[in-house]
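Trainee: Could we go through this structure together, a bit at a time?
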Amino acid sequence: VSQLPFAKDAIPKSAKHITGDCQYRFANLGWDWFIEQLGEEITTEGITSCNSMFANSKLERIPFIINSKAGLPNLSLDSMFYGCYNLTQLPKIIGKPGSMNNLFLGCKKLEYIPEGFYKDMDWGGFDNNSVNGQKSSMFNSCFALRSVPSELLKHNVIDTSIYSSYLHNCFIRCYALDELRDLPLSFIVRGWTNNGFYSTFEDCYRLKAITFELNVG
């Protein structure tokens, strides 16, 4: 990790206050040192995109809250933590999520998704079908993941495509996943004609139970 060539106090507050479009903002290792050494001093406001925000970082934790722009109808979380192999602690996200493709893909050391990560998310866009609510490959290759909170699975856009649903490649190579209970299916009742479970549970060697929600349709 690079060392700051000057005292932390010499960094202006504006540099530690992150706003606007954060697509690739801390991606590809270039800003790991900044987050590791400033940590909780970093603040955010008015974030408009988290697409690949931390992709391919080697960070173990992200110690600041992600605050989206007030009134933003769909905060993109696509590939936000893609390839974060060392990540074990997630940040809190405040906002209304939109697309979540590849959200945790390749987070090999992540064991749990804490309630604090998602408890202040507004799922209204998913629930009223007003966002591009894709969730493909959300947990793909999360080798150490033990469980998945239902809150991240139960909100879905009705009649989403097979390749955009959370089922597509969702739990592939989740080697440590214990069980999956009451998986939601209500969003597909009006008509998929092909297999919707493409690599959904592939290589889930530890998985002891899979159940689905009842009274669909």
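Predicted model: local features only at pLDDT ≥ 70, side-chain atom pairs only at ≥ 80, totals over all residues.

Trainee: OK, strands to begin with. In which sense do β1 and β2 pair?

Mentor: Strand β1, residues 17-21, and strand β2, residues 43-49, pair in the parallel sense, and five bridges join them. Within that pairing, I18 stands opposite T44 in β2.

Trainee: How many Å separate its C-alpha atom from that of S165?

Mentor: The C-alpha atoms of L29 and S165 are separated by 30 Å, and the two residues are 136 apart along the chain.

Trainee: Switching to rings. How many aromatic pairs are there?

Mentor: The structure holds 18 aromatic pairs. One of them is formed by F104 and F139, which are stacked, with 5.5 Å from centre to centre and 15° between the planes. That pair links distant parts of the chain, since F104 is in the loop between β4 (93-94) and α2 (115-118), whereas F139 is in the loop between α3 and β5, 35 residues apart.

Trainee: Buried or exposed, that F104?

Mentor: F104 counts as buried, because its relative accessibility is 0% and the cut-off for buried is under 20%. F139 counts as buried too, also at 0% relative accessibility.

Trainee: And what do F197 and F201 do?

Mentor: The ring centres of F197 and F201 are 6.2 Å apart and their planes are at 25°, so this pair is stacked; the reasoning rests on the cut-off that planes under 30 degrees apart count as stacked. As for accessibility, F197 counts as partly exposed at 33%, and F201 counts as partly exposed at 23%.

Trainee: Which residues do the ring pairs link into a cluster?

Mentor: Ring pairs link F26, F54, F64, F81, F104, F117, F139, F171, F197, F201 and F212 into a cluster, so both of the pairs we discussed, F104 with F139 and F197 with F201, have their residues in that list.

Trainee: Now the backbone. What is the phi of N129?

Mentor: N129 has a positive phi of about 60°, although it is not a glycine. N129 lies in the loop between α3 (124-127) and β5 (179-183), and it is partly exposed, with a relative accessible area of 37%.

Trainee: And what is the phi of D203?

Mentor: D203 has a positive phi of about 65° and is not a glycine either. The place of D203 is the loop between β5 and β6 (209-212), and its relative accessible area of 23% makes it partly exposed.

Trainee: Last topic, the largest pocket. How much space lies in it?

Mentor: About 160 Å³ of space lies in the largest pocket.

Trainee: Which residues lie nearest its centre?

Mentor: Of the 14 residues that line the largest pocket, V148, S150, E179, L180 and R181 lie nearest its centre. Sorted by class, the lining has six nonpolar, two polar and six charged residues.

Note on methods. Residues numbered from 1 in each chain as written. Heavy atoms only, no water. Pairing = 2+ DSSP bridges. Helix = DSSP H or I, 4+ residues; strand = E, 2+ residues; numbered from the N terminus. 1 Å grid on protein atoms, 1.4 Å probe; cavity = no way out; pocket = protein on both sides within 12 Å on 5 of 7 lines; lining within 4 Å. Points joined across faces, edges and corners; volume = space filled by probe spheres on them. Nonpolar A, V, L, I, M, F, W, Y, C, P; charged D, E, K, R; others polar. Buried < 20%, exposed > 50% of the residue type's maximum accessible area, 1.4 Å probe, protein only. Phe/Tyr/Trp six-rings, centres within 6.5 Å; stacked < 30°, edge-to-face > 60°.
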